[in-house]
Amino acid sequence: MLSTATLPTAMLPTTTSRLQDVAGIATAASDARSWTQILSRYRDPNFGRAAFELAVTIVPFVLLWFATWIGLYFGYWICLLLAIPAAGFLVRLFMIQHDCGHGSFFRQRLVNDWLGRLIGVLTMTPYDYWRGTHSIHHATSGNLDRRGIGDIDTKTVREYLAMSRWGRLRYRLYRHPAVMFGFGPAYLFLIQHRLPFGLMRGGWRPWVSTVATNLAIALVIVTVVWFTGLRSFLLIQTPIILLAASAGVWLFYVQHQFEDTEWAEDSSWNFHEAALQGSSYYDLPPPISWFTANIGVHHVHHLCSRIPFYRLRRVLRNYPELAKMRRLTLLQSFGCVRLTLWDETRKKLVSFRDIRDARRAARSSS
């Protein structure tokens, strides 16, 4: 971790200033906007720390990839074992790309953008196109009237019951774990990212981003295949990209699809409240938190997306009350899979079974 000696003085709140901060929030009835003002002091990137985080991610990933290639000669089971940590480093590379998209990894936007584009070749994610859809996600998260881009499709109970039988079947298939965390991630990273879906009419920039990334990916693949052979490349890269894709979608899912999340219609939606109450604090074990670049501290990230990922844990240490908000453990997160619909009456996510049981109870009582 970064030593306190290297941090700006403003990022080391004294006990007095910290108590004043918390008191100010209490008097403002836990106003999320007050938290945003406090968190802004953690925004400034540190070049040395960023360079270190990049190095300890990209170098092990490359070494593991070639170690996996060598492992093929001794048995494919070695390849599959090494694919697990390699996928972990690929997820971490995506999180660095994510920080670049928010302009929080380096100070200079140009450096962030070009690093993000280069990493996007490895993650198979066109950077500029993804950054556009992700900014829409941040600007509309939890807004029932602005769903559809950069988020997981979530229907309300009323919308679901109004669907045709075919519409309900499609939505249930979309929400099935095998699709959501299996076929879905593969489709997203291997196929959907090849075209600017959602921004097809958004001008030339999304198209340039996707086409340029596709060409760069093709060039890298041809180069690697020339050295390793097509069969070896597919045997190595396929499990890595599929594992990383599923892990990435799982993280994104859990960060917003939990029981007590918050959704609201546009007239009553508030950006700061949606960020703090509609995003989870996914309290992961330290090794997993490291590989996922602290993205589990998602409520803080949504409140202040310019905070570099390596400072998110420091925020929780300085303000432990934030660690109690919307906390979700690894074990608890598995229960989120069943939550599929937003109940407008109870203001919570519910399952298909909950709706079925509620309708049966209503019929029996009538």
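A: Start with the largest cavity: 3 nonpolar, 9 polar and 2 charged residues make up its lining. Ala, Val, Leu, Ile, Met, Phe, Trp, Tyr, Cys and Pro count as nonpolar, Asp, Glu, Lys and Arg as charged, and the others, Gly among them, as polar. The model is predicted: local features need pLDDT of at least 70, side-chain atom pairs count only at pLDDT 80 or more, and totals for chains, interfaces and linings use all residues. Residues are numbered from 1 along each chain as its sequence is written, and side-chain values use heavy atoms, with hydrogens and water left out.

A cavity is a set of points, on a 1 Å grid over the protein atoms alone, where a 1.4 Å probe fits but cannot get out. Lining residues have an atom within 4 Å of a point. The whole structure holds 3 cavities of 30 Å³ or more. The largest has a volume of about 120 Å³, where volume is the space filled by probe spheres set on the points, and points are joined across faces, edges and corners. Its lining has 14 residues. Nearest its centre lie His 137, Ser 141, Asp 151, His 256 and Trp 263.

The second largest cavity has a volume of about 50 Å³. Met 95, His 98, Asp 99, Ala 293, Ile 295, His 301, Ile 307, Phe 309 and Leu 312 line it. By class, that is 6 nonpolar, 2 polar and 1 charged. Helix 4 (residues 76-101) gives the largest share, 3 residues. Helices here are DSSP runs of H or I, at least four residues, numbered from the N terminus.

Now the pockets. A pocket is an open set of points with protein on both sides within 12 Å along at least five of seven lines. The largest pocket has a volume of about 1,200 Å³. Its lining counts 43 residues, with Gly 150, Asp 151, Leu 188, Gln 192 and Phe 252 nearest the centre. Helix 9 gives the most, 8 residues. Helix 4, helix 6 (127-140), helix 9 (177-190) and helix 11 (230-254) each supply at least two. The classes are 24 nonpolar, 15 polar and 4 charged.

The second largest pocket holds about 500 Å³ of space. Of its 21 lining residues, Trp 65, Leu 122, Val 220, Phe 233 and Gln 237 are closest to its centre. The lining has 18 nonpolar and 3 polar residues, and no charged ones. Helix 3 (47-71), helix 5 (109-123), helix 10 (204-228) and helix 11 each supply at least two residues.
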